[in-house]
Every structure is written in C-alpha cells, then in structure tokens.
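Please keep the model open as you read.

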Amino acid sequence: MKWEGNRESDNVEDRRGDGGGGGGGGFGFGGRSIGIGTIAIALVGSYFLGVSPMTIINMLSGGGGAVPVQQEQGPAQRPPASDTQAKFVSTVLADTEDTWGELFRAQNAQYIKPKLVLFTGATQTACGTGQSASGPFYCPGDQKVYIDLAFFRLMEQRFKVTGEFAQAYVIAHEVGHHVQHLLGIDQKVAALRQGGNERQANAASVRLELQADCFAGVWAFHANRSRSILEKGDVEAALTAATAIGDDTLQRQSQGTVVPDSFTHGTSAQRVRWFNKGIDTGQFERCDTFNARQL
C-alpha cells in the first residue's frame with residue numbers, strides 16, 4: 001500500500017501507556033446487570049472489526065444508545081513523530097477524511113471528522129470502559145474510533161493476515177460505523193433492536209456490519225482513484241482479512257460448530273461480497289444492506 005508522504009490527520013489521540021480504563025474488573029458496563037450469555041455474544045460479535053461490545057450488550061439487554069461515563073478532561077496527546085505505525089494510522093485516517101468529505105459534499109452535506117484514539121489495555125469512552133480484548137471499535141457516544149495497535153499483530157499471528165492495506169481496511173470499517181452514525185443509520189437500527197428479540201437484534205447487527213464493510217470498500221475505491229494507494233496483492237490481503245473474521249469462520253475455529261442465529265457480523269462470504277461491492281462500484285448508495293434480499 002502506498003501511503004508514505006500523504007497527509008496525516010490531526011484527529012489522532014494517543015492514550016497509550018496512560019494506564020487508562022479505571023474502574024473495577026468484570027463486565028459492569030454502565031452499572032447494568034448483564035447475563036453471561038449476553039457477554040459471550042458481545043465478545044464473539046465484537047472481537048473482530050465490530051462496534052463496541054458495550055453497544056452490543058446495550059442492544060441485547062434492551063437499552064438504547066450509549067451509556068455515558070465520566071471521563072477525565074485533559075489535553076489530547078499526539079503520537080510521537082518517530083512512531084511509524086501511528087503515522088500509518090494517521091495517514092489512513094486522513095485519507096478517509098478526504099474521501100468521505102468529498103462524498104458528503106457531493107450530497108450537499110458536511111462530513112464531521114471522527115477522532116481516533118490509540119490505547120493499550122483499557123480506556124474510558126462514552127460507551128463505557130473499552131477493552132483491548134474487544135478489538136477495534138467505534139463509540140457513537142463520543143464519535144471516536146478506538147484501536148489498540150496490538151490487534152494488528154494478532155491479525156498476523158492468529159489469522160496470518162498481513163499487509164498494510166488489511167490494516168487500513170480495519171480502520172476504514174470503523175470509520176464506516178461513523179458514517180452510519182452521521183447518516184442516522186445506527187439510530188434507526190437501535191430502535192429496531194429495542195423492539196425486537198435476540199434473533200432480530202443479531203440480524204440487524206449483521207446488516208450494520210456488512211454495510212460498514214461495504215463503506216470500507218467505497219473508501220478504497222475513491223482513495224485509489226485519487227491517490228493510487230493500491231499495490232499488487234493489497235485487495236487480496238483485505239479479502240483474506242474479511243474471510244478470516246466471518247462469524248462462521250470464527251465460530252468454527254472457537255467452538256467447532258456454527259450457529260447462524262447468533263451471527264452479529266456476517267459470514268466470511270458475506271463480508272467479502274459487500275467489501276467487493278464497495279470497492280468495485282465506489283457508490284455508497286449500493287451499500288444498502290438493509291433492503292438487500294441477499295446478503
């Protein structure tokens with residue numbers, strides 16, 4: 001992936017090593033009593049490239065929206081200039097800002113840039129305490145993407161997914177959740193979740209996640225057309241990542257069986273299909289997973 005020398009975003013906040021997270025252990029998000037089954041679903045559903053597990057828990061337990069928490073106020077720290085991986089993340093974030101800014105302007109709308117927070121271990125968010133174990137996530141309550149960069153090493157070690165574009169796909173997927181938030185899509189899904197059962201809630205989550213995959217593909221299409229970022233093998237690396245994190249693949253690896261009703265992100269084939277739809281067309285209007293007959 002060609003990214004060196006491109007613009008870096010000013011919207012990256014470095015909380016690594018600050019000992020963040022605080023609070024007690026366990027899963028006491030927002031002071032709500034949560035069953036073990038819900039926790040298990042949230043972890044499976046959010047571990048790879050999903051929204052915050054707190055959001056999924058909120059959905060499954062009938063809550064609405066994010067659960068705000070008290071956060072310490074202080075100046076946001078920028079990553080050191082010598083940190084190559086942070087520079088890469090900042091550059092990819094800037095590229096999503098440029099792409100979605102142009103797409104929103106074409107619709108006579110304003111794109112509000114999200115913040116991206118680098119952290120280690122745990123950190124406070126407007127959705128509760130974010131944990132590294134949940135993987136990268138987006139919190140609509142503060143409009144921030146949260147990433148522990150150790151996740152990228154896990155991608156390589158556990159799933160043999162390598163390449164910078166595969167990492168960029170992760171970031172672009174989370175930014176896709178921010179786009180959904182700006183468009184009001186996640187709020188509509190939250191309303192559906194509140195009135196539905198667990199099966200319906202999971203089905204809504206799958207469509208939300210597949211749309212974020214498609215939005216990631218839309219970003220890649222426009223970024224490559226404008227800035228020629230793609231190199232040989234990049235798209236294949238992203239498709240390998242999408243395949244590795246399908247619900248069916250993860251369940252088969254972790255428990256030996258597949259339970260479709262518990263899916264929250266979509267199968268490997270579905271994730272590949274919707275990312276491809278985005279990168280092949282570049283049209284975010286084609287990412288309407290909620291009215292699609294076939295996922």
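## Around Trp274

Leaving aside residues up to four places away in sequence, Trp274 touches Leu210, Asp213, Cys214, Arg286, Cys287, Asp288, Thr289, Ala292, Gln294 and Leu295, where contact means heavy atoms within 4.5 Å. One of these, Arg286, is twelve residues from Trp274 in sequence, and the two C-alpha atoms are 9.4 Å apart in space. Trp274 belongs to helix 10 (residues 268-281); helices (H or I, at least four residues) and strands (E, at least two) are DSSP runs, numbered from the N terminus.

Is Trp274 buried or exposed? Its relative accessibility is 1%, so Trp274 counts as buried. Here buried means under 20% relative accessible area, exposed over 50%, and partly exposed in between, with a 1.4 Å probe and protein chains only. The ring of Trp274 also has a charge over it: the charged end of Lys277 sits 4.3 Å from the ring centre. That label requires NZ of Lys or CZ of Arg within 6 Å of the ring centre and within 35 degrees of the ring normal.

## The model and the chain

This is a predicted model, in which local features need pLDDT of at least 70 and side-chain atom pairs count only at pLDDT 80 or more, while totals for chains, interfaces and linings use all residues. Residues are numbered from 1 along each chain as its sequence is written, and side-chain values use heavy atoms, with hydrogens and water left out.

The chain has ten helices and six strands. Of its 295 residues, 54% count as buried. Among contacts between residues at least 6 apart in sequence, 75% join residues at least 24 apart.

## The open sheet

In what order do the four strands of the open sheet run? The order is 1-2-6-5, with mixed pairing; two strands pair if DSSP finds at least two bridges between them. Strand 1 (12-14) and strand 5 (137-139) are at the edges with a single partner strand each, so one side of each has no neighbour in the sheet. From one strand to the next, the twist averages 25°. Angles run from 0 to 180 degrees between N-to-C directions, and axes are lines fitted to C-alpha atoms, for helices over the stretch in contact.

Strands of a sheet pair through backbone hydrogen bonds, either parallel or antiparallel. Strand 1 and strand 2 pair in the parallel sense over three bridges, and Asp14 stands opposite Leu118 in strand 2. Strand 2 and strand 6 are also paired in the parallel sense, over four bridges. Val117 stands opposite Tyr146 in strand 6, while Lys115 has Lys144 in strand 6 as its bridge partner.

## Helices on the sheet and beyond

Helix 3 (residues 84-106) packs on the sheet, where it touches strand 1 and strand 2, and its direction makes about 165° with that of strand 2. Helix 5 packs on the sheet too, touching strand 2, strand 5 and strand 6; its direction makes about 25° with that of strand 5. Helix 5 is mostly covered, with 17 of its 20 residues buried.

How does the span of helix 5 fit its length? At 1.5 Å a residue, its 20 residues should span 28 Å, and the end C-alpha atoms are 28 Å apart, which agrees; the expected span is 1.5 Å times one less than the number of residues. Helix 5 is followed by Gly184, whose phi is positive, near 80°. For helix 7, the 30 residues should span 44 Å, and the 43 Å between its end C-alpha atoms agrees with that. Ser228 follows helix 7 and has a positive phi, near 50°.

## Aromatic pairs

How many aromatic pairs does a search of the whole structure find? The search finds eleven. Rings of Phe, Tyr and Trp (its six-membered ring) pair if their centres lie within 6.5 Å; planes under 30 degrees apart count as stacked, over 60 as edge-to-face and the rest as tilted. The rings of Phe119 and Tyr146 have centres 6.4 Å apart and planes at 75°, so this pair is edge-to-face. Phe119 lies in the loop between strand 2 (115-118) and strand 3 (122-125) and Tyr146 in strand 6 (residues 144-147), so the pair ties together parts 27 residues apart in sequence. Both Phe119 and Tyr146 are buried.

The rings of Phe165 and Trp219 have centres 6.0 Å apart and planes at 20°, so this pair is stacked. The pair links distant parts of the chain, with Phe165 in helix 5 (residues 164-183) and Trp219 in helix 7 (residues 198-227), 54 residues apart. Phe165 is buried at a relative accessible area of 1%, and Trp219 is buried with a relative accessible area of 1%. Elsewhere, Trp100, Phe104, Tyr111, Phe215 and Phe284 form one aromatic cluster.
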